[in-house]
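Student: Hi! Could we go through this model together?
Tutor: Happy to, here it comes.

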Amino acid sequence: MSKQEDELIFVTSVQKSGLLWKRPFLHASGKWSRRFFVLKDGFMLYYPEKEAKIFAETGCFNIHPKGVIPLGGCLVNHTADTDKDFAISIDHPDFGDSNIVVATDTEESLKDWLAKINESSRITYKNAQMGDIMIKCLKAKTEAIDERRKETQEKFEAESLALQEEKELREQLEKQMEALQQEKELREREAEELKQREEKQQRRLEETTAVIQQIEAKKRELEEREKELTVQVEEYSVQCSNFDEREREAKALHEEKQNLSSAMSQLMESLQAMEMRALSLEEERKTTHEKLLLAQTQVHSISSEMENTATTAEQLKQQLSAAEQEKLCALEQAKREAQEREKLEKKLKLAEDALVRLDKALRDSGVKRDAGVAADVKQLKGFFEEVLDDHFWDAQKHMIMERAVKARPEYQSFDERYIT
């Protein structure tokens with residue numbers, strides 16, 4: 001017979017079981033308690049009342065009783081010294097002056113329990129052996145149960161720790177996914193802004209090209225008018241050669257002409273500078289277009305970069321540094337352009353004053369002037385006023401660019417998340 005079968009017979013083979021009333025040991029006036037008793041090989045094992053239902057369902061008794069009463073050498077009798085009619089007294093010399101008292105609810109049950117208990121108490125030596133065996137078995141069972149409970153507890157703690165780590169890892173992944181999603185949206189917004197900037201620079205380049213073409217046309221008109229004015233000045237000098245005062249006026253007109261030529265030379269230099277600026281804007285547009293393509297590529301590959309957040313953050317930091325450097329360069333360049341425009345405005349103002357003085361001199365000379373000359377002078381004056389107005393708005397462009405750069409709060413939020 002196997003060890004498991006022996007254990008099964010041990011916990012299922014009993015002489016008698018049932019519910020009894022039990023008085024507390026050493027407390028004769030104590031409160032009676034309902035207990036479930038099992039009579040097994042010279043021992044009375046008692047449990048809480050609810051154990052009776054478990055024994056009825058499984059047919060096995062618990063090896064961890066609430067208490068054990070060894071019956072070997074005990075004197076068992078019916079007693080009437082209690083408030084229960086069907087009480088049983090269990091006496092033993094080792095109990096001293098006290099005894100163990102249990103009670104049934106009926107006389108028939110009383111007789112049955114007395115017979116079974118007396119029969120079980122006769123086998124003292126066997127009871128002692130069985131007691132030792134029961135104690136050893138109970139100790140072994142207790143140790144096994146404690147070991148299993150310890151293993152179960154350790155396993156439960158390990159599983160709880162693993163679940164906690166898994167939960168923290170899942171939360172970290174969710175936070176990383178959320179951060180990457182926000183980064184993706186930010187990159188998309190930056191790509192859209194770069195695209196808008198490219199379109200705006202394209203429009204500015206087209207406007208600048210149109211202005212350069214207009215200036216070129218007006219420059220040719222000025223050159224033709226300069227030749228005509230030179231011829232008129234020469235004719236006027238011939239007419240005034242016999243008069244000293246008119247000679248001085250002719251000399252003044254000649255000086256005015258030289259000043260006008262100098263202003264025209266400066267205007268030509270300004271036109272060349274504007275052409276260089278147009279080329280620079282074209283290069284900037286190309287660079288912006290390349291950045292736009294790069295940004296679009298980054299937007300498309302943002303999903304694959306979710307597993308490499310550290311590298312992405314470093315790249316974004318470098319791009320932000322480059323963008324800040326580009327912003328500083330743009331502001332510095334805008335400042336230099338504003339200074340150049342201011343100088344050009346002064347030169348254009350001098351040219352306009354020269355035209356005003358030339359027109360006044362022609363009026364004060366009293367010489368009959370051709371109506372076409374006056375109209376040409378007036379047209380030239382209007383042209384310089386238009387050029388001055390255009391340069392005024394060009395001088396304001398660096399302020400517009402500066403406001404556009406400052407209107408990007410995304411750089412600040414990006415610095416706070418990834419750099420600081």
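Student: Which residue does Glu216 form a salt bridge with?
Tutor: Glu216 pairs with Lys219, and their closest N and O atoms are 3.1 Å apart. A salt bridge here is a side-chain nitrogen of Lys or Arg within 4 Å of a carboxyl oxygen of Asp or Glu. Before we go on, this is a predicted model, where local features need pLDDT of at least 70, side-chain atom pairs count only at pLDDT 80 or more, and totals for chains, interfaces and linings use all residues. Residues are numbered from 1 along each chain as its sequence is written, and side-chain values use heavy atoms, with hydrogens and water left out.

Student: Where do Glu216 and Lys219 sit?
Tutor: They are three residues apart in helix α4, separated by about one helical turn. Helices (H or I, at least four residues) and strands (E, at least two) are DSSP runs, numbered from the N terminus.

Student: Is Lys219 buried or exposed?
Tutor: Lys219 counts as buried, at 12% relative accessibility, while Glu216 is partly exposed at 22%. Buried means under 20% relative accessible area, exposed over 50%, and partly exposed in between (1.4 Å probe, protein chains only).

Student: How many salt bridges does the count come to?
Tutor: Six. One of them joins the side chains of Asp112 and Lys16, at 2.6 Å from N to O. Asp112 lies in helix α3 (residues 107-121) and Lys16 in strand β1, so this pair ties together parts that are 96 residues apart in sequence. Lys16 is buried, at 17%, and Asp112 is partly exposed, at 30%.

Student: New topic: which residues of α2 are buried?
Tutor: Glu51, Ala52 and Phe55 are. Seen down the axis of α2, the buried residues fall within an arc of 105°, so they line one face of the helix; the arc is that of the directions from the helix axis to the C-beta atoms. On the other side of α2, Lys53, Ala56 and Glu57 are exposed.

Student: And what covers the buried residues of α2?
Tutor: The cover includes β1 (16-22), β2 (33-40) and β3 (43-48).

Student: What comes just after α2?
Tutor: Gly59, which takes a positive phi of about 80°. Further on, Pro65 lies in the loop between α2 (51-58) and β4 (67-70).

Student: What is Pro65 in contact with?
Tutor: Leaving aside neighbours within four places in sequence, Pro65 is in contact with Leu45, Tyr46 and Tyr47. Contact means heavy atoms within 4.5 Å.
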